[in-house]
Amino acid sequence: MQHTGEDVTTIQIVNPDKYLLLPVEEEAAESKLFINDGTGAIPIDVRLTQSTVDYYVPYLLNTDSKEITVEVKHPHSKNILWDKITQSNSFDKTNREYFRPVYHHSPEYGWMNDPNGMVYLDGEYHLFYQWNPYGSKWGNMHWGHAVSKDLVHWEHQGMAIMPDELGTVFSGNSVIDVHNVAGFGHNAMIAFYTSAGEKQTQSIAYSTDKGRTFHKYEKNPVVSADIPDFRDPNVFYHEPTEKWIMVIAAGQEVQLFSSKNLLDWEYESSFGEGYGNHGGVWECPDLLELPVEGEPGKTKWVLILNINPGGIFGGSAAQYFTGFFDGSTFTCESKPETVKWMDWGKDHYATVTWSNVPDNRKIAIAWMSNWQYANDVPTQQFRSANSVPRELKVYRANDETYMINEPVEELKKLRKNEQTYSAIIADRNQSFHIDSIIEDNDGAFELEIEFRNTSADVFGLTLFNEKGDHVDIHYNLSGKRFYMDRTKSGLVEFSKEFPAITYAPIEKAETYKLRIFVDKCSIECFDGDGKFVMTNLVFPEEPYNRLNFYSKGGQFEVKPVKIYKLGL
């Protein structure tokens with residue numbers, strides 16, 4: 001090791017082990033590492049420890065190289081604990097986080113944000129995602145990779161697409177080239193992503209071994225523009241015009257391009273000026289055709305557009321537009337000022353769907369966090385999980401089209417046992433209390449509830465634990481709203497933006513059905529008809545294991561409550 005300058009250190013490694021283990025201190029300033037191991041590696045940013053080691057991250061070395069040079073540019077060389085950098089032939093990925101979800105997808109280690117490149121091929125659902133393998137805060141964007149046969153059990157595949165001279169790897173999607181129009185091979189998996197360098201451009205990588213290895217297209221980038229925020233390509237095949245369509249987020253609009261061969265793209269149109277919410281940058285578009293509930297054979301085009309900031313409850317959120325697409329132009333059917341939200345919580349962003357799914361199912365997943373506090377949530381080995389997968393449809397009401405979000409049927413495989421409680425609340429301000437929801441509760445369960453209201457104005461439930469952490473979930477009929485209050489849900493002090501009350505619009509009805517998915521650090525509430533969903537993170541000091549139903553201002557009935565313990 002040589003300190004060749006006040007802020008430069010060079011490390012020589014002879015006969016390297018498999019990994020270089022880098023010590024991280026999350027509050028330290030970033031150091032830039034240039035690792036020369038014969039593979040042409042791109043520089044990475046790591047918060048090298050200044051005073052204490054929060055955790056280690058692995059850098060995979062080229063063991064065929066007999067000598068490797070690591071040059072470190074750092075802001076405070078005198079304080080870095082150089083003796084903590086070490087080598088190893090293994091890296092321990094064993095979970096050590098209390099808030100690691102039981103059944104939601106999360107990375108083995110490191111930071112994760114947007115889901116990317118989701119595609120189905122030969123019995124496998126592929127989930128790629130924005131990943132920083134060199135720390136649990138945002139940076140060094142790669143595509144991580146996981147696969148599943150049932151949308152429930154996920155197998156980690158490690159790195160899929162890595163940064164190059166064009167930049168780091170931002171969001172995008174993948175398609176299957178059934179007819180080999182691009183020339184990479186029959187059924188090649190083609191990933192479209194943003195290369196985020198000096199400017200943002202769109203690139204291609206392809207795989208001929210079912211996503212296990214990717215090769216960069218030698219003529220990248222395939223689409224460029226002089227727009228600062230120009231990213232997150234989403235590609236699909238439009239059968240009526242026999243063209244591939246690419247939708248790109250471009251500032252506060254989307255731009256549409258078309259291609260016959262997936263390589264050469266022509267501009268078609270743009271959408272967005274004056275429409276919807278413009279409180280922040282538009283990101284992660286997805287244009288898809290959805291079936292209309294109750295109208296067999298009818299469909300409607302939906303454009304999902306994620307926005308940050310500008311969400312209804314602050315920070316990031318997903319809005320959508322409904323209308324028509326003719327192969328060139330998307331036309332919104334609503335008034336320009338109309339805003340439709342896909343999820344009514346604070347922690348549902350970067351929503352995109354799988355392509356090539358059998359039976360033309362439209363299945364979506366979202367990053368379960370919010371840019372207001374995503375880097376600060378109380379975990380370190382990893383940060384962020386994804387929502388449960390949701391099947392999408394639309395329905396018509398009051399001359400408008402709205403989205404239906406339903407938990408995918410496959411989630412029922414998680415149910416380990418069922419407990420049923422009968423409860424009738426007949427008198428004003430009466431409550432029904434369950435002291436122990438589930439035996440051996442690890443914080444992962446599902447509730448199925450049916451409310452039959454007679455005269456109560458407010459009715460609902462509270463999930464709580466012996467520590468006093470609690471989440472209140474209720475209907476307010478006079479206000480025509482469904483609420484979730486997480487202000488006292490557990491650990492909330494890490495961000496002033498985290499304590500929140502979120503709400504969704506409802507209409508008066510005779511019956512209200514609710515499915516609630518609870519995991520170690522999240523609650524997702526689904527309306528029984530799919531007309532709203534609300535996703536919020538929570539960090540209780542111990543699992544919620546008590547349940548209280550209550551009413552205010554009248555009478556209401558709770559039908560038998562079903563509680564399922566969930567597990568993989």
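## Terms and basis

A residue is called buried when its relative accessible area is under 20%, exposed when it is over 50%, and partly exposed in between (1.4 Å probe, protein chains only). This is a predicted model in which local features need pLDDT of at least 70 and side-chain atom pairs count only at pLDDT 80 or more, while totals for chains, interfaces and linings use all residues. Residues are numbered from 1 along each chain as its sequence is written, and side-chain values use heavy atoms, with hydrogens and water left out.

The structure holds 33 salt bridges, each defined as a side-chain nitrogen of Lys or Arg within 4 Å of a carboxyl oxygen of Asp or Glu. One of them joins the side chains of Asp347 and Arg486 at 2.7 Å, N to O. Asp347 lies in the loop between β25 and β26 (349-353) and Arg486 in the loop between β36 (481-485) and β37 (501-505), so this pair ties together parts 139 residues apart in sequence; strands are DSSP runs (E, at least two residues), numbered from the N terminus. Asp347 is buried at 0% relative accessible area, and Arg486 is buried at 1%.

Glu524 and Arg390 also meet through their side chains in a salt bridge (2.7 Å, N to O), which links strand β39 (residues 522-527), holding Glu524, to strand β29 (residues 390-397), holding Arg390, across 134 residues. Glu524 has a relative accessible area of 0% and Arg390 one of 1%, so Arg390 counts as buried.

Through salt bridges that share partners, Arg415, Glu446, Glu448 and Arg515 are joined into one network.

Key
Helix = DSSP H or I, 4+ residues; strand = E, 2+ residues; numbered from the N terminus.
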